[in-house]
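Student: I'd like to learn how to read a few features off a model. Can you walk me through them?
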Amino acid sequence: MKVLKYMSMSLLTLALASCGSDYLDTDYTRHLDTETAGEAAGRNPDVFLNGMWSWQVEYQGYHDSFGLMSSLLAKDMMSEDIAVNAFHYFCYDYDFDNRMYNYRRTSEEWAFHYTDIAKANEIIGLYPEGGKTADEKGLLGQALAIRGNAYAYLVQIFQTYMNANGTINREAAGVPLILTTADGYTLDELDALKGRNTVGAVLDQAEKDLTAAVENLSEGYKRPNTESGKAYIDLSVAQGLLARFYLLTQQWDKAAATAKAARADYAQRSAKELKDGFMDVTASDVMWGFNHTTETQTAYASYFSHISNLAPGYAGLSYCSKLIDARLYNQIADDDYRKALFNGPAGDKTQPTAGARLPYANLKFGNDGSWTMDYIYMRAAEMVLIEAEALARQGKNTEAAAVMKELMQNRQPSWNETSVSVDDVLLQRRIELWGEGFAYFDLKRNNKGIDRNYPGSNHLAGSLHTIPALDPAWTYQIPQSEMQENSHIKDSEQNP
């Protein structure tokens, strides 16, 4: 199975492919000038957006490659929060052996996020003067949100961007910036940006895009009020992405305020809803997600096949069941409803699948009896945790506790803290967001390593890794094809 790690894709090939028929059918705009095409796109934004949303879940020919959720699961596997019972798909990620320049995972990560950027640029390029109507601004805002979010992911994955003292190393080598003339650059300037811009430059571009997305989406855009509509980015989602960015860049006051605004129109998941399976975009706390249908589902090559021990996929069959780290399980209070989302050390023989019967098996992600379970990208609970952490970072521990109460009253009825620390909030992030794609990114931004080699560890015997913060193992190398074909990146600029 080692051979599955190898595959390369150049940025040039990617950029060409992203304009193909799989993304955009623009027969009716092909011969129009930019202004007229932009007006047509504003009247029918789905022509552009459907391709963008389908890319987020597109099967790439391998059973561990199915869009955004495969990227996030691969990162979660690099934490200590997820343990497994056997070596299978995603276990090279689990073993920190999937980051080298000539490996398939590295190329897929690069390709996925730069395809997001290419698709976003197709839309941004239509509006050099900005959108005029609410629908045009809504289309432009969503493209800016996707592009800014992609750059934020890329700089975290492809660079060790933190200093040992906990500050951001803005001078470290970042990633290429692929922009358009609509961003105000000449062709020569755009070409010069294709090298390894500094981390600071990439973060600045991400912030510019995300703040512009919020501004555009606050001009009256409303996403479709349907299950499929949750795939669209509205003002609340753009605010949520911006709140994530502010947390990453340690802008604590902005993170708290933006997260609070993002979740204003959502209810927190009730105690009963905690057991619904985290697979339905209509749940009260879901802000952003993808509503799978029989046409879009990818069966065994899917997030639920790999994460849900209750679904009829690889995890349920016990090929590589996803378990909670024993030490983290022991930190969940006994009266916390979320503890029931995981088996204890004895397992549970009453569960319907082999994977779900294992010790420490997660029961968080359900099974609706089909492969059309939805993908959830953002929940209101995350916004509570961002707000609380940002307040605690500022020494506002009492205010942080009041915010946490909004979440914990539906998790642990006895929880009644009047002051919480940053570490208190980070623990609740690990419990609440387990398996949803945050563990790796939290470890990197907080300068924390992992230690799976402890007494009573339930990690695989060959995977008891201890990897400190800032170790090169946390950072992917630039793909081989990009190093070969991008004349702006020198061999000496490769990551360690």
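Student: Is Asn165 buried or exposed?

Tutor: Buried means under 20% relative accessible area, exposed over 50%, and partly exposed in between (1.4 Å probe, protein chains only). Asn165 has 60% relative accessibility, so Asn165 counts as exposed. Keep in mind that this is a predicted model: local features need pLDDT of at least 70, side-chain atom pairs count only at pLDDT 80 or more, and totals for chains, interfaces and linings use all residues. Residues are numbered from 1 along each chain as its sequence is written, and side-chain values use heavy atoms, with hydrogens and water left out.

Student: Where does Asn165 lie?

Tutor: Helices (H or I, at least four residues) and strands (E, at least two) are DSSP runs, numbered from the N terminus. Asn165 is in the loop between helix H7 (134–157) and helix H8 (187–192). In space, Asn165 is 8.7 Å from Asn447, C-alpha to C-alpha, though the two are 282 residues apart in sequence.

Student: How should I read salt bridges, and how many does the structure hold?

Tutor: Side chains of opposite charge can pair when their charged atoms come close. The criterion is a side-chain nitrogen of Lys or Arg within 4 Å of a carboxyl oxygen of Asp or Glu. The structure holds 29 of them. One of these joins the side chains of Asp209 and Arg147 (2.9 Å, N to O). Asp209 sits in helix H9 (residues 199–217) and Arg147 in helix H7, so this pair ties together parts 62 residues apart in sequence. Both Asp209 and Arg147 are buried.

Student: What does the salt bridge of Arg244 and Glu382 tie together?

Tutor: The side chains of Arg244 and Glu382 meet at 2.7 Å, N to O. Arg244 lies in helix H10 (residues 235–248) and Glu382 in helix H14 (residues 380–393), so parts that are 138 residues apart in sequence are tied together. Arg244 is buried at 15% relative accessibility, and Glu382 is buried at 1%.

Student: And which residue forms a salt bridge with Glu389?

Tutor: That's Arg393, with the closest N and O atoms 2.9 Å apart. Glu389 and Arg393 are four residues apart in helix H14, so about one helical turn separates them. Glu389 is buried with a relative accessible area of 0%, whereas Arg393 is partly exposed at 30%. Elsewhere, salt bridges that share partners join Arg269, Asp285, Asp336, Arg338, Lys364, Arg379, Arg411, Glu432 and Glu436 into one network.
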